[in-house]
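Subject: Handover of a structure for your review

Dear colleague,

Please find below the structure that I am handing over to you.

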Amino acid sequence: MIYNKYDPLTPREDHATDDPPRYIKERIESQIKPDDSSLRLFGAIEIETINRCNLSCPFCPAGRAFDKRDFALMSEKLFEKIIQDLKKKSYKGKVALYSNNEPFLDQRLPVFLQYTKQELPEAQTSIYTNGSLLTLETFLAVMKNLDSMVIDHYSDDLQLSENVREIYDYCVKTGVYHQNLRISLRKYHEELTSRGGLAPNRSSKAAPDWPCFLPFYQMIVRPTGHVSLCCSDPYGHYTMGDLNDQTPEEVWYGEAFTRKRQLLKESRLIAGDLCNDCDMVK
């Protein structure tokens with residue numbers, strides 16, 4: 001349940017490779033339907049219902065100290081529309097109620113999770129959180145409608161805080177949710193990926209000449225309903241569409257996404273800024 005170190009610069013061991021471009025291209029090809037060569041619908045959608053975080057991690061451009069976004073809170077009407085649009089497609093992929101934020105800053109999160117699971121029972125619900133706002137009571141309430149929770153626990157001494165320790169001890173003692181929870185011990189002052197050149201603590205931001213898998217698999221929805229290019233576009237530099245007026249499917253197969261994918265299938269170096277400065281391996 002606890003992983004002592006997490007490094008997104010390195011592929012997971014089960015996908016380890018000494019040839020990142022080939023690894024990424026193989027992932028892209030896995031998203032192409034063999035029968036008609038069309039692109040599959042996204043396998044994961046991240047819905048950010050509030051665009052704020054309560055920490056100021058030095059590697060994150062969306063942290064409290066570095067955030068340049070105007071405050072936004074997704075309306076319940078818009079949230080329900082997105083879920084209903086997915087329901088019409090019998091969506092069975094991942095629905096993650098987070099992106100570049102701390103999801104538990106939105107007090108409506110338990111209700112949103114319940115609604116998502118009710119309307120999309122075959123989808124996989126997911127949350128990433130820094131855990132600082134979690135209590136055992138809140139944890140037990142949301143896990144009823146969560147398939148997975150990851151707590152990225154930030155501490156330079158790699159020690160659990162009292163509230164996260166209580167959750168960990170409960171899961172170990174009871175065995176409840178043990179398979180649904182992962183706690184990653186992370187150092188607060190880490191240097192991670194360049195975040196499209198936006199990471200505050202990265203001096204070197206040159207991207208490798210690799211393709212990118214994210215726009216072939218992932219949809220990122222901001223609280224305004226605007227769809228960003230990927231999770232490394234926290235400020236919405238690129239807008240692929242607007243879910244107030246479009247369905248997720250319409251945006252996914254729309255001109256903006258299609259054009260970016262044509263470039264990113266070859267190299268991120270020709271896909272414009274952000275992509276030019278992104279070194280994430282996905």
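To begin with the packing around helix H3, its buried residues lie against helix H2 (76-88), strand S3 (94-96), strand S4 (124-129) and helix H4 (136-143). Helix H3 itself covers residues 109-119, and its buried residues are Leu-109, Phe-112, Leu-113, Tyr-115, Thr-116, Lys-117 and Glu-119. Please note that this is a predicted model, and that the values in this message are to be read accordingly.

Helix H4 leads on to a further helix pair. The axes of H4 and helix H5 (residues 162-174) come within 9 Å and cross at roughly 55°. The two helices, H4 and H5, are therefore oblique to each other. On the H4 side, the residues that meet H5 are Leu-136, Phe-139 and Leu-140, while H5 contributes Glu-166, Ile-167, Tyr-170 and Cys-171. Sorted by class, this contact of H4 with H5 comprises six nonpolar residues, no polar residues and one charged residue.

Cavity and pocket

The structure holds one cavity of 30 Å³ or more. The volume of the largest cavity is about 100 Å³. Which residues line the largest cavity? They are Gly-196, Cys-212, Pro-215, Leu-229, Cys-230, Ser-232, Asp-233, Leu-264, Arg-268, Leu-274, Cys-275 and Cys-278. By class, the lining of the largest cavity divides into eight nonpolar, two polar and two charged residues.

The second largest pocket has a volume of about 180 Å³. Its lining is made up of 14 residues, and those nearest the centre of the pocket are Asn-51, Arg-69, Arg-222, Thr-224 and Tyr-235. Five residues of the lining of this pocket are nonpolar, five are polar and four are charged.

Two residues with positive phi

Ser-37 has a phi near 65°, a positive value in a residue other than glycine. Ser-37 is placed in the loop between helix H1 (20-30) and strand S2 (44-47). Is Ser-37 buried or exposed? With a relative accessible area of 58%, Ser-37 is exposed, since the cut-off for exposed is over 50%.

Arg-195 also belongs under this heading: its phi is near 55°, a positive value in a residue other than glycine. Arg-195 is located in the loop between strand S6 (181-186) and strand S7 (218-221). The relative accessible area of Arg-195 is 17%, and Arg-195 is therefore buried, as buried means under 20%.

Loop residues and their contacts

Glu-191 is found in the loop between S6 and S7. Glu-191 and Phe-59 are 132 residues apart in sequence, and their C-alpha atoms are 6.0 Å apart in space. If residues up to four places away in sequence are not counted, Glu-191 touches Asn-201 and Arg-202.

Asn-54 lies in the loop between S2 and H2. Asn-54 counts as buried because its relative accessibility is 16%. Along the chain, Asn-54 and Pro-103 are 49 residues apart, and 9.9 Å separates their C-alpha atoms. Which residues is Asn-54 in contact with, leaving aside its neighbours within four places in sequence? The contacts of Asn-54 are with Arg-64, Glu-102, Leu-105, Asn-130, Ser-132 and Leu-133.

Asp-156 lies in the loop between strand S5 (148-154) and H5. Asp-156 has a relative accessible area of 40% and is therefore partly exposed. Asp-156 and Lys-187 are 31 residues apart in sequence, with a C-alpha to C-alpha distance of 4.3 Å. Lys-187 is also one of the residues in contact with Asp-156, together with Tyr-188 and His-189, when neighbours within four places in sequence are left aside.

Yours sincerely

Terms used: Residues numbered from 1 in each chain as written. Predicted model: local features only at pLDDT ≥ 70, side-chain atom pairs only at ≥ 80, totals over all residues. Heavy atoms only, no water. 1 Å grid on protein atoms, 1.4 Å probe; cavity = no way out; pocket = protein on both sides within 12 Å on 5 of 7 lines; lining within 4 Å. Points joined across faces, edges and corners; volume = space filled by probe spheres on them. Nonpolar A, V, L, I, M, F, W, Y, C, P; charged D, E, K, R; others polar. Buried < 20%, exposed > 50% of the residue type's maximum accessible area, 1.4 Å probe, protein only. Helix = DSSP H or I, 4+ residues; strand = E, 2+ residues; numbered from the N terminus. Contact = heavy atoms within 4.5 Å. Axes fitted to C-alpha atoms, helices over the stretch in contact; angles between N-to-C directions. Parallel < 35°, antiparallel > 145°, perpendicular 65-115°, else oblique.
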